[in-house]
Amino acid sequence: MAEKLSWTELRKALATRAGVSEKTAGVFLSALTAQLTEGLRGDKQVKINGLGTFKLQAVAPRKSVNVSTGEEIVIEGYNKVVFSPEAGVKELVEKQPTVSSMATDPIEGDFPVDPIKKLGEQADEIVGLLADLGQDPNKAEKVEEEPVTTPEPEPVVVEEPEPVIVAEPEPVVVEEPEPVVVAEPEPVVVAEPIKEEKPKEPKKPKKYHFVRDLLICVVVLLLLLVGGYFLIRNKLSGWLESLMQPQPQQTEQVEEAVVEPVETEEPASLESLIPEGEIPQKQILDEFMAISNDTEMEEAPYSDLITTEEMHEGSRLTWMAKRFYGDKRFWPYLYDANRDRIVNPSNIEVGTPIRVPRLTQEQMDTTNHASMEVLDKLRIEAEAACKK
Amino acid sequence: MLTKDLIGLIAEASGLSKKDAEQLLSTMNAIVREYLMAGKAIQLQGLGVLEIKERASRVIVHPRTGERTTIPSKNQLVFRPVANMKDELKNA
């Protein structure tokens, strides 16, 4: 209880309210307390209409144990004063949310009153906003229709900035200044009096429209960019792979090109490209080889397997990596070693046998820049596969 | 003892008319209610304090279904008698 209505305050309030002197009020109150005590002693109960009942309640004697000696003792019965409020008063007290929070946290005691108001205001605001949004399309149409009727397209453009400024203070300030301010620019710009009603309303929604449209545009653009980026990267990586794969064959094929008549189309096309001629092209391809060698050299030793484990319900590549390699960061190697079986690394079918390759010290060395780069590349590839 | 009796006794003790006493009593009740509604405690000198206390929320378990429900906290109007009065009436 933070605040208390003191005896003197009560006396003063009583005196002013009842229109009697403070002295009379004091006399009355002391008589009241005296009689209350007397009444409790005599009748054990004093009822005050409009407030409640003071009662003297008997507490029965009970047995207890002396804690230090273990002796049984009897705590004698006594009377205690209780007050049971009248139904109306009780309800009134129970209704208060303030005190319950005050009791738990005195600091927040003041808040519960405000939030209720705030919530109410918020509700109003939301309703208002919803109403605005709901009317949006209609108003927008109206706005679009108006310029058609009037030959001048200008008014629309001019209206935008001005009303926006006017529209903002509108809800805050009283409605009265609104027509005055709005009326001024309108006669100048638009001659028709009918418009006065319509433009007033669309102003706000219009502003919303622009902001919303802008936002939508930005989001869509971003999405497109991201999508395009991934598409291009996928294509590039696919192209690189297709370039890399045939190359080891190509060196052989150059020597014994005619011996192998059964070939896939890709190497054939490459073959045709390279012999045809240009050395620079070959050089470029060789460079590609050199770059890709890193990955291929490390992809090869996957033949050395620790074990092959079946994918079970709830398992993850990262967890397997953690189990076998001690670090979940190495999961892309698992994906790399099982590309033929894994379509989507984040959603592998239960029962898929996963080859767990033995990794070299180099590959597991997180301080090794080259191997980490390779790992990073694999991870990006694997993550791209996740999104397919 | 009912309100009527109390008013009679107060009037007798204070020298006020019964009507005045009744009016004062009802006015006092109104004031007390107002302050209680504002979350204030009321001190009644020589008697005690009328104050609002919170009963903490608690969880109850349905004995048959084992279902748990929370009973929210609520306010309760309690009377805390002055020590003097408490002792006086203890063995009344």
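**View 1. Helix α2 (residues 22-42) of chain A packs with helix α1 (residues 3-14) of chain B at an angle of about 125 degrees, their axes 9 Å apart.** Helices (H or I, at least four residues) and strands (E, at least two) are DSSP runs, numbered from the N terminus. Axes are lines fitted to C-alpha atoms, for helices over the stretch in contact, and angles run from 0 to 180 degrees between N-to-C directions. This is a predicted model, where local features need pLDDT of at least 70 and side-chain atom pairs count only at pLDDT 80 or more, while totals for chains, interfaces and linings use all residues. Residues are numbered from 1 along each chain as its sequence is written, and chains are lettered from A in the order in which they are written.

**View 2. A closer look at the residues between α2(A) and α1(B).** Here α2(A) contributes A:Val27, A:Phe28, A:Ala31, A:Leu32, A:Ala34, A:Gln35 and A:Gly39, and α1(B) contributes B:Leu6, B:Leu9, B:Ile10, B:Ala13 and B:Ser14. Contact means C-beta atoms, placed from the backbone, within 7 Å. By class, nine of these residues are nonpolar, three are polar and none is charged. Ala, Val, Leu, Ile, Met, Phe, Trp, Tyr, Cys and Pro count as nonpolar, Asp, Glu, Lys and Arg as charged, and the others, Gly among them, as polar.

**View 3. Stepping back, 49 residues of chain B are in contact with 51 residues of chain A.** On the chain B side, α2(B) gives the largest share, 13 residues. That side has 28 nonpolar, 14 polar and seven charged residues.

**View 4. Strand β1 (residues 4-5) of chain A runs parallel to β1(B), joined by two bridges.** Look for A:Leu5, which stands opposite B:Ile42. Strands pair if DSSP finds at least two bridges between them.

Terms used: Contact = placed C-beta atoms within 7 Å.
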